[in-house]
Protein chains: 4
Amino acid sequence: MRLLFIGDIVGRAGRAIVQNKLPGLVRDWKLDLVVINGENAAGGFGITEAIYHELIDAGADAITLGNHSWDQREALVFIERAPRLIRPVNYPKGAPGRGAALVEAKNGKRALVINVMGRIFMDPLDDPFAAVEREIAACPLREAADAIVVDIHCEASSEKQAMGYFCDGRASLVVGTHTHVPTADHRIMPGGTAFMTDAGMTGDYDSVIGMVKDEPLSRFLRKIPGSKFEPAAGPATLSGVAVELDDKTGLAVTVSAVRIGGLLEQTAPQWG
Amino acid sequence: MRLLFIGDIVGRAGRAIVQNKLPGLVRDWKLDLVVINGENAAGGFGITEAIYHELIDAGADAITLGNHSWDQREALVFIERAPRLIRPVNYPKGAPGRGAALVEAKNGKRALVINVMGRIFMDPLDDPFAAVEREIAACPLREAADAIVVDIHCEASSEKQAMGYFCDGRASLVVGTHTHVPTADHRIMPGGTAFMTDAGMTGDYDSVIGMVKDEPLSRFLRKIPGSKFEPAAGPATLSGVAVELDDKTGLAVTVSAVRIGGLLEQTAPQWG
Amino acid sequence: MRLLFIGDIVGRAGRAIVQNKLPGLVRDWKLDLVVINGENAAGGFGITEAIYHELIDAGADAITLGNHSWDQREALVFIERAPRLIRPVNYPKGAPGRGAALVEAKNGKRALVINVMGRIFMDPLDDPFAAVEREIAACPLREAADAIVVDIHCEASSEKQAMGYFCDGRASLVVGTHTHVPTADHRIMPGGTAFMTDAGMTGDYDSVIGMVKDEPLSRFLRKIPGSKFEPAAGPATLSGVAVELDDKTGLAVTVSAVRIGGLLEQTAPQWG
Amino acid sequence: MRLLFIGDIVGRAGRAIVQNKLPGLVRDWKLDLVVINGENAAGGFGITEAIYHELIDAGADAITLGNHSWDQREALVFIERAPRLIRPVNYPKGAPGRGAALVEAKNGKRALVINVMGRIFMDPLDDPFAAVEREIAACPLREAADAIVVDIHCEASSEKQAMGYFCDGRASLVVGTHTHVPTADHRIMPGGTAFMTDAGMTGDYDSVIGMVKDEPLSRFLRKIPGSKFEPAAGPATLSGVAVELDDKTGLAVTVSAVRIGGLLEQTAPQWG
Ligand SMILES: [Fe+2]
Ligand SMILES: [Fe+2]
Ligand SMILES: [Fe+2]
Ligand SMILES: [Fe+2]
Ligand SMILES: [Fe+2]
Ligand SMILES: [Fe+2]
Ligand SMILES: [Fe+2]
Ligand SMILES: [Fe+2]
């Protein structure tokens with residue numbers, strides 16, 4: 001089984017490259033499961049129902065979110081009729097939508113996708129480790145799911161790596177999001193779980209974390225908000241991680257960084 | 001002129017690979033300048049005078065620090081007699097040592113090395129942008145320095161990238177440290193400055209940011225300190241970034257990630 | 001029923017005034033319940049078993065803690081045999097001790113004492129509101145408890161005040177701790193719960209939050225740790241809040257600030 | 001010389017009590033200098049030019065700000081023609097307005113008013129201690145100013161108290177703002193400077209830090225923004241601190257809390 005996880009889509013530039021490239025990747029790479037973090041898809045802030053469908057139509061099987069989940073307030077409503085949209089699982093009880101979903105992969109297999117937010121330097125939600133434990137215990141790999149993907153959305157590399165080891169041997173892939181920079185530490189952990197500290201963003205890297213650089217730079221220099229943040233509109237890099245699973249174990253056989261288009265060094269998986 | 005920047009050395013494993021590999025790299029790659037972040041070199045916390053000399057002897061031309069600068073309290077003293085040891089420039093006035101130094105490179109050229117700490121999610125020091133501005137203005141590229149390297153030690157990717165653009169065209173390399181994970185976004189900015197959000201750590205990646213994983217994991221799960229953090233002792237990856245400069249402009253011609261040894265995907269520069 | 005809550009005891013000076021004054025206050029004021037925050041009782045950091053007994057002997061019916069709960073590591077063990085020692089209720093499952101206790105008051109009534117930690121600018125524990133909800137639901141005022149005291153240990157005044165309103169009508173007293181400064185906003189909320197944003201510390205106020213001022217001041221100025229923090233040893237103020245309850249409702253009839261000894265303006269309740 | 005400092009005015013309710021009460025207080029108490037923190041005067045967020053004049057007309061000699069300085073963007077402009085409006089002195093160079101002003105008191109004396117922001121748990125500005133040092137050195141008490149008032153706007157009680165000791169003997173009054181809760185620790189420090197950790201807010205205390213409580217409570221419980229924050233509109237408390245100075249030294253002879261109107265325990269100075 002082949003998975004592709006695509007990091008935070010930022011604005012129109014990020015959406016464009018996904019729409020242009022993802023259908024071809026699904027076909028050429030014979031992808032069985034595509035998960036995309038979409039928390040910045042709508043102008044850098046949140047996601048709309050139209051964009052949700054756009055991404056599903058382009059080949060996404062599940063879309064995860066993060067601290068920007070509700071920036072577009074319509075998400076609080078349409079998430080209830082968007083079964084493949086997954087917000088952090090550790091919101092307080094009663095939050096709209098779901099924090100984990102068992103989705104049908106393109107090959108008919110069952111994939112459990114979990115989105116969870118870390119707490120270091122973030123708005124404190126419920127314990128991310130206890131929340132992930134509950135989801136994995138309720139739907140264990142091999143018994144109830146053929147693949148498990150955990151998107152740990154947080155700032156601190158330590159918290160992401162701790163989540164990786166916490167799930168090692170029990171998930172197919174644990175991947176971080178939120179810093180908007182791809183890390184080069186993709187690897188298979190001792191227990192067989194693929195891991196990468198951050199998938200990076202899918203957007204224009206000639207920017208400050210995807211945003212036109214003038215305003216962030218001005219705020220750092222002057223400490224006075226000037227105008228709104230706007231997503232950078234130059235050519236985007238589709239950034240993420242690809243994993244080949246052992247179908248018997250649901251664990252990783254290979255893990256590769258993916259960077260297509262834009263400024264960054266290009267890389268793609270060598271499928272077996 | 002050829003530069004190699006090596007990210008945060010963590011403990012004995014990190015020091016060992018530097019001592020084993022760096023002399024050969026200097027020779028084979030014809031390196032003119034080697035800068036190493038050493039804030040975690042002594043058991044994960046700070047640096048001692050003995051380690052300082054060990055790293056200089058292995059080929060470092062300058063050693064930078066960060067939030068762990070003074071974890072080994074002897075550093076407050078010996079930094080005064082360690083001219084190539086550079087602590088964050090934006091400490092309050094009166095801090096021991098120096099925040100920038102014009103060091104002689106192996107080819108006799110003058111290299112200005114600046115260490116600066118960001119403030120987002122960090123102990124707030126003085127304005128990092130104003131501090132770097134002062135140093136660069138006092139010793140501008142081409143006029144007073146043949147190369148300028150800025151180590152921006154901080155947590156947030158936005159602050160590191162803002163520093164990159166702030167120095168673009170005025171420094172040879174702006175590279176982040178502190179997250180202990182190499183990023184895959186090395187590139188040459190529009191003005192000619194090489195940039196990479198984080199150089200990664202030089203240590204054992206089968207760990208939580210270089211530390212044996214049990215204690216960090218236990219703290220995340222139980223919220224109770226158990227024992228001390230210990231550096232992981234498995235095979236280390238030497239992680240950093242290599243830059244070839246145009247000798248006329250002091251700006252970057254090529255920039256490459258460097259990862260040698262250990263768990264991570266290996267990579268080395270293709271020098272022209 | 002008469003309650004006295006005493007804020008964070010800091011070191012020897014704080015313990016001394018409690019031992020000197022509390023027995024007399026219990027007698028003269030006919031106190032039925034005394035709750036003391038003891039997280040800084042042992043040299044400013046945590047609590048020992050000997051100090052626990054000292055405070056109980058002086059008249060405390062329950063002792064609460066906070067972010068310094070485990071600074072004296074023996075607390076992880078002796079808390080199990082210290083039934084009136086209460087650590088934050090929102091630690092992860094499996095933490096030693098208890099986060100709430102139904103203690104017998106001096107008049108034989110049942111008092112539920114809850115300690116909970118806020119999360120704004122603090123180490124993120126579990127949701128404090130959900131945790132308090134569970135405790136109050138399991139042991140409601142009037143039905144299962146004659147008085148309920150909630151010690152909300154946190155930094156932000158907004159979080160403390162939100163906790164006050166959250167419990168209004170369902171607790172006898174919600175009082176904040178942790179900032180080590182008494183607030184002057186003690187009042188009875190619309191539903192009948194007594195509230196005060198912070199009880200203040202019981203220690204020497206000629207200090208920085210109870211500590212000898214030189215070292216904290218030096219760290220602010222130099223950003224370099226010098227020596228250890230030491231509790232200030234001058235005359236302490238016993239700082240807290242006194243509440244008279246309606247015995248039928250368990251809600252507050254009067255609430256008064258208490259400040260005895262030391263530098264601060266002195267004040268004591270006018271019992272009816 | 002008699003000073004009155006009034007803490008953060010929050011919205012219409014706060015402005016109303018200042019307009020109703022301040023003229024009488026100036027007359028009855030023979031006040032020579034009135035300083036008001038106005039960062040939340042305009043609907044809870046910032047200040048407008050009209051409100052600035054309203055407060056000056058009511059008797060303010062100087063108005064200080066804080067982290068909400070620029071919430072009303074017109075403040076970036078009109079501050080240049082508002083000589084008694086003072087924003088934090090430790091903004092980066094080039095910020096509009098001034099961070100300290102020597103204003104003429106009602107008795108013709110010269111009062112230096114400084115506004116400075118702390119950095120613990122706040123947006124990191126420049127070093128507040130170095131900034132205050134510069135202002136006091138440039139205009140020392142007795143030599144160039146008859147009174148010096150420092151408004152240290154910050155979250156952490158430790159930072160405020162450190163600023164108090166830092167200025168002790170060199171300022172007439174150091175008073176904290178920002179937490180929106182009055183502290184009961186007003187005192188004269190050993191060197192003669194009056195100090196109070198927080199002046200409290202001037203607004204409706206049946207609220208969460210001045211705001212209608214529903215929305216803040218909902219955000220704590222649900223972690224989802226609902227609607228905007230609105231200032232609470234019930235009867236306000238004018239909260240602050242009054243100081244009588246020795247005219248020869250410019251240091252404090254008496255210091256008293258001031259709480260007039262609204263829910264809180266009422267208190268007023270006993271002038272000599
Ligand atoms: Fe994002
Ligand atoms: Fe995010
Ligand atoms: Fe480091
Ligand atoms: Fe660091
Ligand atoms: Fe405390
Ligand atoms: Fe505390
Ligand atoms: Fe305020
Ligand atoms: Fe404020």
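This is a predicted model: local features need pLDDT of at least 70, side-chain atom pairs count only at pLDDT 80 or more; totals for chains, interfaces and linings use all residues.
Which residues coordinate the iron ion (ligand 2)?

Residues are numbered from 1 along each chain as its sequence is written, chains are lettered from A and ligands numbered from 1 in the order in which they are written, and side-chain values use heavy atoms, with hydrogens and water left out.

**View 1. The iron ion (ligand 2) in chain A.** The iron ion (ligand 2) is coordinated at 2.1 to 2.2 Å by A:Glu39 (OE), A:Asn67 (OD1), A:His153 (NE2) and A:His178 (ND1); donors are N, O and S atoms within 2.8 Å of the metal (3.2 Å for Na, K and Ca), and since water is not among the atoms, sites may look incomplete. The arrangement is irregular because the four donor atoms subtend angles of 82 to 149°, whereas four donors count as tetrahedral if all angles lie between 85 and 135 degrees; four count as square planar and six as octahedral if opposite donors are over 155 degrees apart and all others between 65 and 115, and anything else is irregular. A:Glu39 coordinates both this ion and the iron ion (ligand 1), the two ions being 3.4 Å apart. A:His153 belongs to strand β7 (residues 147-153) of chain A, and A:His178, 25 residues apart from it, to the loop between β8 (173-177) and β9 (187-188); helices (H or I, at least four residues) and strands (E, at least two) are DSSP runs, numbered from the N terminus. A:His153 is buried at 0% relative accessibility, and A:His178 is buried at 17%, where buried means under 20% relative accessible area, exposed over 50% and partly exposed in between (1.4 Å probe, protein chains only).

**View 2. The iron ion (ligand 5) in chain C.** Here the donors are C:Asp8 (OD), C:Glu39 (OE), C:Asn40 (OD1) and C:His180 (NE2), at 2.1 to 2.2 Å, and their angles of 87 to 161° leave the site irregular. C:Glu39 forms a bridge to the iron ion (ligand 6), which lies 3.4 Å from the iron ion (ligand 5). C:Asp8 is buried, with a relative accessible area of 0%, and C:Glu39 is likewise buried at 0%.

**View 3. An open sheet in chain A.** Six strands with mixed pairing follow the order β4-β3-β2-β1-β11-β12, two strands being paired if DSSP finds at least two bridges between them. The edge strands, each pairing on one side only, are β4 (85-86) and β12 (252-260). Strands β1 (residues 2-6) and β11 (residues 238-245) run antiparallel and are joined by five bridges, and A:Arg2 stands opposite A:Glu244 in β11(A).

**View 4. Two cysteines of chain C.** The structure holds zero disulfides over all chains, a disulfide being a pair of cysteine sulfur atoms within 2.5 Å. The sulfur of C:Cys154 has its closest cysteine sulfur in C:Cys167, 12 Å away and therefore too far for a bond. C:Cys154 is buried at 0% relative accessible area, and C:Cys167 is buried at 0% as well.

**View 5. The contact between chain A and chain B.** The contact takes 37 residues from chain A and 37 residues from chain B, with contact meaning heavy atoms within 4.5 Å. The area buried between them is about 3,400 Å², of which carbon and sulfur atoms give 65%; buried area is the accessible area (1.4 Å probe) that two parts lose on being put together, summed over both. In chain A, A:Tyr165, A:Ala184 and A:Phe220 lose the most area to chain B, together 18% of what that side buries.
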